[in-house]
Amino acid sequence: MGLDIFSEKGIALERQRFTWKELAGPPFSKLDDDAFTRVRVILMNGVMSDALRFLHVFSRRNLDLRLPMAEVRRVTHHQQTMVNWLNPADQSPLETTIGFEQVAIEVTAALAQQEPDPYLAQSYRFGLLEDFDHLYRFSALMDRVDGKDSNNILQSYTDIQPGRPTAVEHRAPIDDLRRPYDKNATAPLTKLNALTLVASEYQTHDYYMNIGPMFADPVARMVYAEIASIEEQHVTQYGSLIDPNETWLEQWLLHEAMQVYNYYSCAQQEPNRRIKGIWERFVDYELGQLHLVMDLIKRVEGRDPAELLPANLPEPVKFESQREFVRQTLAREVDMRPVGPDYFPQGSDSDASLEYRSHMNKAISPTTVIAAGYRWMPGTELVEKPAAYLTSH
Amino acid sequence: MKKPTDLGSNRTGAQASPVDAKKTAEGASSSPLIDGGTAADLAAERLGWAQDAEPVGSMPPPLSVTGAIKSAVEMLKGNEPTVLLDKIGERLAFERTGVRLYEALLTKLAAADLHEGGPTQAEVLRIRDDELRHFSELKEAMESLGGDPTAMSPCADVTAVASSGVGKVLSDPRTTLSQCLEALLMVELVDNDSWAVLATLADGFGKKEMAERFRWALADEAQHLDMVRRWVNQEIIGQAGLAPTPPQGEALQPPASV
């Protein structure tokens with residue numbers, strides 16, 4: 001039985017407080033902590049970032065609720081700070097990037113398997129194979145530019161091999177838009193999954209847009225530019241799955257429930273005791289925020305939150321290696337192509353996507369150049385016959 | 001207190017999870033190579049960019065009429081006085097940062113569990129003060145040539161990029177004294193060679209007195225290098241539980257004329 005979000009009230013918003021020293025506490029260890037601790041930190045930073053983004057836009061559209069939104073945002077901002085500051089200083093932007101792609105693969109694969117709606121599950125599997133390829137391209141970049149092994153970050157949980165080639169992921173916007181779920185005929189879990197993935201991809205996009213220009217290597221700069229563009233497509237894809245007929249307050253309520261669900265999932269599986277304490281604290285904070293929004297939706301829209309939310313949270317998101325599922329999906333669906341909102345196995349792209357892709361890749365395909373002939377090996381590609389490698393370059 | 005050399009739960013290597021690592025390796029080796037080519041494709045693309053790229057920036061114009069005249073005179077001789085100004089700007093910035101690095105080392109020292117032959121506070125303070133004096137002397141040297149000591153010259157910029165990791169190591173509360181000393185050893189090695197080049201440059205432009213002062217600084221830096229080398233050696237030998245060894249490396253002597 002999952003958490004009962006109606007009887008568990010959490011901590012009231014006015015008691016959700018921080019100090020600067022708490023916000024910027026000691027980081028996790030890049031070397032010693034489990035890779036899924038980093039996965040959870042990256043995911044929850046994305047979830048908090050999306051919570052802020054959503055409430056800022058909502059606030060522009062609503063005068064009456066500006067104060068409660070500002071009050072929730074203040075706490076949310078500090079929650080995000082406390083989570084994001086768990087990243088250590090010795091984790092380079094490229095190493096963090098590897099972590100972002102591990103999130104995109106492992107969390108998307110977990111959600112695809114628990115997703116009850118087959119169309120949304122298909123969309124998640126589709127996006128998953130693209131992020132899977134990004135991990136391979138960034139691993140080649142890390143090996144060939146920095147001389148480092150991406151598996152130091154991945155800790156052998158995640159495969160490093162080509163997926164759907166990034167060079168063919170570039171599509172016209174019309175082929176990135178999906179059919180939204182029907183808010184009246186959709187399981188709450190479907191809504192929580194969609195919100196989680198939008199948040200995660202949005203933060204990935206923003207992170208690449210921030211750090212891409214910090215790289216010196218011209219090919220690395222282009223690789224980030226290229227993959228950031230796909231992340232924008234993914235935000236478009238996942239965002240379009242959400243029913244636009246949900247009211248603003250309804251979306252806020254669902255977002256808060258999604259935050260509770262994800263923090264609860266983190267708390268259930270975190271082996272680092274100190275960080276587990278943070279996840280548990282934020283389950284209580286989010287429950288407090290959720291109940292605040294429950295009261296608002298009752299008062300403002302006269303609706304019963306029980307009609308919108310599950311009585312108990314679903315089973316926690318599984319933060320574990322999804323290697324076999326990813327491999328099966330890769331074998332079956334790597335050639336899947338969308339035309340408009342529909343997926344076609346072994347399909348060809350639309351003329352609009354082919355024309356757009358051809359133009360973007362005209363001068364160079366950066367992700368192809370960086371991984372030309374690349375095959376990951378434990379300890380980097382230099383491990384295998386270094387003398388032969390040097391004479392051939 | 002936990003030490004980084006203690007056996008712990010480091011999970012980064014393939015041997016930390018042999019079953020999973022084998023799966024990852026087998027998956028990679030059996031996956032199709034969808035893109036042709038080799039790592040040479042990256043080198044070829046980089047080459048094109050390197051041939052076309054503009055530099056990171058340029059030298060600022062001389063501050064004063066005197067400076068402009070001096071530059072003009074040197075130009076007539078076929079020399080490039082801006083090379084000297086650029087390298088003075090580089091060293092000035094490097095020494096200024098060096099003050100902050102040794103200030104950070106003082107904190108590390110206070111928190112450290114010292115081994116025999118490791119640094120003392122007085123020794124670190126002496127190096128910190130030397131770096132500050134060098135910074136001040138380079139500022140005067142730059143001004144005497146009509147240059148702007150507050151500008152960031154191209155070499156100052158690139159050298160700061162090259163050494164930017166040192167400050168991260170020194171300021172990270174998790175790093176040990178010996179890890180910080182090794183980072184400073186990189187700094188001192190570069191600093192020694194750079195002061196030697198600077199003195200040669202000043203000689204080449206006929207700035208004999210300036211060259212002499214630079215050699216003075218080089219002698220200080222040679223002593224810094226000797227000290228940091230010794231500390232690194234002693235700290236690491238001490239950590240390993242071995243007996244202290246004689247100091248490594250020899251300090252250079254100041255020029256005879258000083």
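This is a predicted model: local features need pLDDT of at least 70, side-chain atom pairs count only at pLDDT 80 or more; totals for chains, interfaces and linings use all residues.
1. **Extent of the interface.** Chain A brings 45 residues into contact with 33 residues of chain B. The area buried between the two chains is about 3,200 Å². Carbon and sulfur atoms give 56% of that area. On the chain A side, D32(A), S156(A) and R375(A) lose the most area to chain B. Together these three make up 17% of what that side buries.

2. One salt bridge joins R46(B) to D217(A), with the closest N and O atoms 2.5 Å apart.

3. **Elements on the chain A side.** Which elements of chain A give two or more residues to the side that touches chain B? They are α5 (118-146), α6, α8 (218-239), α11 (323-333) and α13. The largest share comes from α5(A), with 4 residues. By class, the residues of this side divide into 22 nonpolar, 10 polar and 13 charged.

4. **A28(B).** This residue sits in helix α1 of chain B, which spans residues 18-30. Is A28(B) buried or exposed? Its relative accessibility is 1%, so A28(B) counts as buried, the cut-off being under 20%. Setting aside neighbours within four places in sequence, A28(B) is in contact with I160(A), Q161(A), R375(A) and W376(A). R375(A) is also among the chain A residues that lose the most area to chain B. As for spacing within chain B, A28(B) and L42(B) are 14 residues apart in sequence. Their C-alpha atoms are 21 Å apart in space.

5. **Q155(A): check the backbone.** Most residues other than glycine have a negative phi. Q155(A) is not a glycine, yet has a positive phi of about 55°. Q155(A) lies in the loop between α6 (151-154) and α7 (188-211) of chain A. Q155(A) counts as buried because its relative accessibility is 3%.

6. T380(A) has a positive phi of about 90°, and is not a glycine. Where is T380(A) placed? T380(A) is in the loop between α13 (366-370) and α14 (386-391) of chain A. With 8% relative accessibility, T380(A) therefore counts as buried.

Methods: Residues are numbered from 1 along each chain as its sequence is written. Chains are lettered from A and ligands numbered from 1 in the order in which they are written. Side-chain values use heavy atoms; hydrogens and water are left out. Buried means under 20% relative accessible area, exposed over 50%, partly exposed in between (1.4 Å probe, protein chains only). Contact means heavy atoms within 4.5 Å. Buried area is the accessible area (1.4 Å probe) that two parts lose on being put together, summed over both. A salt bridge is a side-chain nitrogen of Lys or Arg within 4 Å of a carboxyl oxygen of Asp or Glu. Ala, Val, Leu, Ile, Met, Phe, Trp, Tyr, Cys and Pro count as nonpolar, Asp, Glu, Lys and Arg as charged, and the others, Gly among them, as polar.
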